[in-house]
Amino acid sequence: MNKSPGWLRAVAIGLGIIVVILSIYALAYPAATFVSLVFLLGIILFIVGIERIITGIFLPVKGRWATIGLGILVLIFAGLVIAYPGFATWIITIFIGIGLIFVGAASLSKGFSGKESGWKKAFDIGVGALLIIIGIIVLVSPVFGAAFAGFVVAIGLLIAGIQMIVAGATGRRLNLPTTDSLTGKK
């Protein structure tokens, strides 16, 4: 395996350190992290809405007016998210809670269906019950839900940052999937 050039290794270590620091901040303030992510999502959606409107106006596409209309709707919703990120976070957290309850119910149903046995059945039932409990807690306390979602993001950032530092320190390239490996092309 070829080692990466020294400058690339230093960049990976430096960026990894930045990601680890940001993840520590996110772990300290998980609810604020989630609100910030929702705000950034609003900005991204605003840009997408502008792109849809421009595409509908200037490019010959089927459904021109639908493209423009949907772009305007995206702009409106993105504007609301940007103007009221706390409220948007609350709405998203409610949807997360409802989703957790549905996934938990599906897992319970699978566990009680009788098609599995032993530890697999117990695991499905346990995971289903846990997801339903977490979903109910999220619905009762959306602040907990936002903090929980921010905590999950923070853990993901921490793992990614450590992986970047290790890759830079060892000089090995990260084996991230490429589109060719995902599609099976050689």
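Contact means heavy atoms within 4.5 Å. The structure is a predicted model, in which local features need pLDDT of at least 70 and side-chain atom pairs count only at pLDDT 80 or more, while totals for chains, interfaces and linings use all residues. Residues are numbered from 1 along each chain as its sequence is written, and side-chain values use heavy atoms, with hydrogens and water left out.

**Figure 1. Overall fold of the protein.** The secondary structure consists of seven helices and zero strands, where helices (H or I, at least four residues) and strands (E, at least two) are DSSP runs numbered from the N terminus. The pattern along the sequence is α-α-α-α-α-α-α. Along the principal axes, the C-alpha atoms fill a box of roughly 55 × 50 × 40 Å. The radius of gyration is 22 Å, whereas a compact globule of 186 residues would have one near 16 Å; this quantity is taken over C-alpha atoms, and the globule rule is 2.2 Å times the number of residues to the power 0.38. Of the contacts with a separation of 6 or more, 72% join residues 24 or more positions apart. Buried residues make up 25% of the 186 residues (buried means under 20% relative accessible area, exposed over 50%, and partly exposed in between, with a 1.4 Å probe and protein chains only).

**Figure 2. Packing of helix 2 against helix 3.** Helix 2 (residues 30–58) and helix 3 (residues 64–83) have axes 7 Å apart and pack at an angle of about 160 degrees. Helix 2 is therefore roughly antiparallel to helix 3. Axes are lines fitted to C-alpha atoms, for helices over the stretch in contact, and angles run from 0 to 180 degrees between N-to-C directions; those under 35 degrees count as roughly parallel, over 145 as roughly antiparallel, 65 to 115 as roughly perpendicular and the rest as oblique. The crossing of the two helices is left-handed, a term used if the near helix is turned anticlockwise from the far one by less than a right angle, with right-handed used if clockwise. Residues of helix 2 including V38, F39 and G42 meet residues of helix 3, among them R64, T67 and I68. The residues of this contact divide into 15 nonpolar, six polar and two charged (Ala, Val, Leu, Ile, Met, Phe, Trp, Tyr, Cys and Pro count as nonpolar, Asp, Glu, Lys and Arg as charged, and the others, Gly among them, as polar).

Figure 3. F39 lies in helix 2 and is partly exposed, with a relative accessible area of 32%. Not counting residues up to four places away in sequence, F39 touches I82 and P85. The C-alpha atoms of F39 and G79, 40 residues apart along the chain, are separated by 10.0 Å. T67, in helix 3, is buried, with a relative accessible area of 12%. With the residues up to four places away in sequence again left out, T67 touches R52, G56, V61 and K62.

**Figure 4. Packing of helix 4 against helix 5.** The axes of helix 4 (residues 85–112) and helix 5 (residues 119–140) cross at roughly 160 degrees and come within 7 Å. The two helices are therefore roughly antiparallel to each other. Their crossing is left-handed. The contact comprises 17 nonpolar, seven polar and four charged residues.

**Figure 5. Packing of helix 5 against helix 6.** The axes of helix 5 and helix 6 (residues 142–170) come within 5 Å and cross at roughly 120 degrees. Helix 5 is therefore oblique to helix 6. I134, I137, V138, L139 and V140 in helix 5 meet P142, F144, G145 and F148 in helix 6. These contact residues divide into eight nonpolar, one polar and no charged.
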